[in-house]
Structures are given as structure tokens and as C-alpha cells.
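Dear colleague,

Please look through it before reading the notes that come after it.

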Amino acid sequence: VPAGNYKITGSLNLPSNLTLQGAGMWHTTLTGDPALYATSSRRVTLNGNGSNIHVSDLAIVGKLNYRNDTEPNDGLGGSYGTGSSLSRVWVEHTKTGAWIVNSFGLLVDGCRFRNTIADGINLAVGMRATTVTNCTARGTGDDCFAIWPATYISQTYTPGFNTFVHCTGQLPFL
């Protein structure tokens with residue numbers, strides 16, 4: 001994706017074997033449309049929907065100004081299956097920076113999560129052998145970095161062996 005600002009008016013479901021690479025987190029920006037945020041499916045969201053998905057070198061700037069836990073998350077979400085990575089992605093002004101489920105061996109490297117209403121990054125249902133490294137979270141509404149092996153949906157993988165390495169959290173609200 002070349003440098004520029006791109007208005008996103010709904011969730012983007014990322015299929016298997018996809019690489020989405022911008023020109024850098026300072027140069028390629030996916031922006032939400034605040035006029036559409038009353039409908040939660042119209043927020044800026046990159047949802048993993050397969051395996052071997054690679055997202056890098058871009059920013060996601062949401063326009064969310066309230067929290068409702070019954071609505072889906074925006075930012076990065078979904079299942080990244082096996083063999084996937086999220087690298088050098090900057091996410092801010094979303095409900096969560098990343099709420100990831102049912103992934104095995106995911107690498108999250110060099111990401112920034114800023115000014116979220118809830119978590120910076122949460123490894124939720126069915127997460128196994130995921131490494132989050134060299135990431136920062138600042139001004140999050142809940143946890144900066146969380147592992148929550150919840151069961152609100154079916155698990156694809158047995159949770160465990162997830163690590164956060166060389167990450168920095170600053171100024172969470174809760």
C-alpha cells in the first residue's frame with residue numbers, strides 16, 4: 001500500500017496467504033470514519049481470517065470515543081491461524097489495539113498501541129506459542145498487554161506458551 005491516508009468504512013477480513021505492507025507506520029494510514037461508528041461493523045478493523053497472513057508498516061487510526069463491551073473490537077482482530085505476523089503497525093483511538101484469537105505461533109513485533117479505550121493487545125481465546133516483542137502500549141483503557149484464555153468462542157488451539165518480551169507499557173487507565 002503506497003504512502004497516503006486511506007478512509008476505511010468497514011472491517012477488512014484478511015484471508016490466508018496475504019501480505020499487506022504499507023510504506024511505513026508514519027506514511028501509510030488507514031483511518032476510520034467517525035460518522036459511521038454508530039454501526040460497529042463500519043469501523044476500521046483488520047480481521048485475520050486464515051493462516052500465513054502478514055501485516056506490516058502501516059498505521060490504523062480509529063475515531064472511537066466511547067466504550068461498549070457488547071460491540072466488536074476495532075484495530076487488529078480475528079484469527080491469524082499459523083505462520084502469521086504483525087510487524088511495525090501503529091494502532092490508536094480504537095477499542096483495542098489488537099484482540100487476537102485462535103492463532104498458533106503468531107509473531108507481533110515492533111507495534112505501537114496508543115490511546116485505546118480498552119486493551120493495547122490481548123491474546124484471548126485459543127492462543128498458543130505467540131510472541132509479542134519490542135512493542136509499546138501507552139494510554140490504554142485497560143491492560144497494556146494481556147493474556148486471557150477465555151472461552152466465549154471455541155478454541156482452535158490449546159492456550160499456552162505465549163510470551164511478551166522487551167515490551168513497554170505506560171499510563172494505562174485501569
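This is a predicted model: local features need pLDDT of at least 70, side-chain atom pairs count only at pLDDT 80 or more; totals for chains, interfaces and linings use all residues.

Nonpolar cores

The largest nonpolar core comprises 30 residues. Within this core, Leu46, Val55, Ile60, Leu76 and Tyr80 have the most contacts. Strands E6 (53-61), E7, E8 (85-92), E9 and E12 (121-123) each contribute at least two residues to the core. The biggest contribution, 4 residues, is that of E6. As a general point, nonpolar side chains tend to be buried together in soluble globular proteins.

Beyond its neighbours within four places in sequence, Leu46 is in contact with Leu12, Leu14, Leu20, Leu30, Val55, Leu58, Ile60, Gly75, Leu76, Gly77 and Tyr80. Another core, of 5 residues, lies apart from the largest one. Trp99, Val101, Val125 and Ala150 are among the members of this other core.

The largest pocket

The volume of the largest pocket is about 200 Å³. Its lining consists of Asn47, Pro72, Asn73, Leu76, Gly77, Gly78, Trp99, Val101, Tyr152 and Ile153. By class, 6 of the lining residues are nonpolar and 4 are polar, while no charged residues are present. Two strands, E7 (75-82) and E9 (98-104), each supply at least two residues of the lining. The largest share, 3 residues, comes from E7.

Leu76 lines the pocket and is listed with the residues that have the most contacts inside the largest core. Trp99 and Val101 also line the pocket, and they belong to the other core, of 5 residues.

Glutamate 71

Glutamate 71 is located in the loop between E6 and E7. Is this residue buried or exposed? Glutamate 71 has a relative accessible area of 17% and is therefore buried, the cut-off being under 20%. Its side chain makes a polar contact, at 2.3 Å, with the side chain of arginine 43. Not counting residues up to four places away in sequence, glutamate 71 touches Ser40, Arg43, Tyr66 and Lys95.

Two residues with positive phi

For asparagine 52, phi is near 55°, a positive value in a residue other than glycine. This asparagine lies in the loop between strand E5 (45-49) and E6. Asparagine 52 is partly exposed, as its relative accessible area is 32%.

For aspartate 57, phi is near 60°, again a positive value in a residue other than glycine. Aspartate 57 is part of strand E6. With a relative accessibility of 11%, aspartate 57 counts as buried.

Threonine 140

Threonine 140 belongs to the loop between strand E15 (136-138) and strand E16 (145-147). The relative accessible area of threonine 140 is 0%, so this residue is buried. A polar atom of its side chain lies 3.1 Å from the backbone oxygen of aspartate 142. Which residues does threonine 140 contact, leaving aside its neighbours within four places in sequence? They are Thr116, Ala118, Asp119, Gly120, Leu171, Pro172 and Phe173.

With kind regards

How values were computed: Residues are numbered from 1 along each chain as its sequence is written. Side-chain values use heavy atoms; hydrogens and water are left out. On a 1 Å grid over the protein atoms alone, a cavity is a set of points where a 1.4 Å probe fits but cannot get out, and a pocket is an open set with protein on both sides within 12 Å along at least five of seven lines; lining residues have an atom within 4 Å of a point. Grid points are joined across faces, edges and corners, and a volume is the space filled by probe spheres set on the points. Ala, Val, Leu, Ile, Met, Phe, Trp, Tyr, Cys and Pro count as nonpolar, Asp, Glu, Lys and Arg as charged, and the others, Gly among them, as polar. A nonpolar core is a set of buried Ala, Val, Leu, Ile, Met, Phe, Trp, Tyr and Cys residues joined through side-chain atoms within 4.5 Å. Buried means under 20% relative accessible area, exposed over 50%, partly exposed in between (1.4 Å probe, protein chains only). Contact means heavy atoms within 4.5 Å. A polar contact is a pair of N or O atoms within 3.5 Å; within protein, one must be able to donate a hydrogen and the other to accept it, and residues adjacent in sequence count only if both atoms are side-chain atoms.
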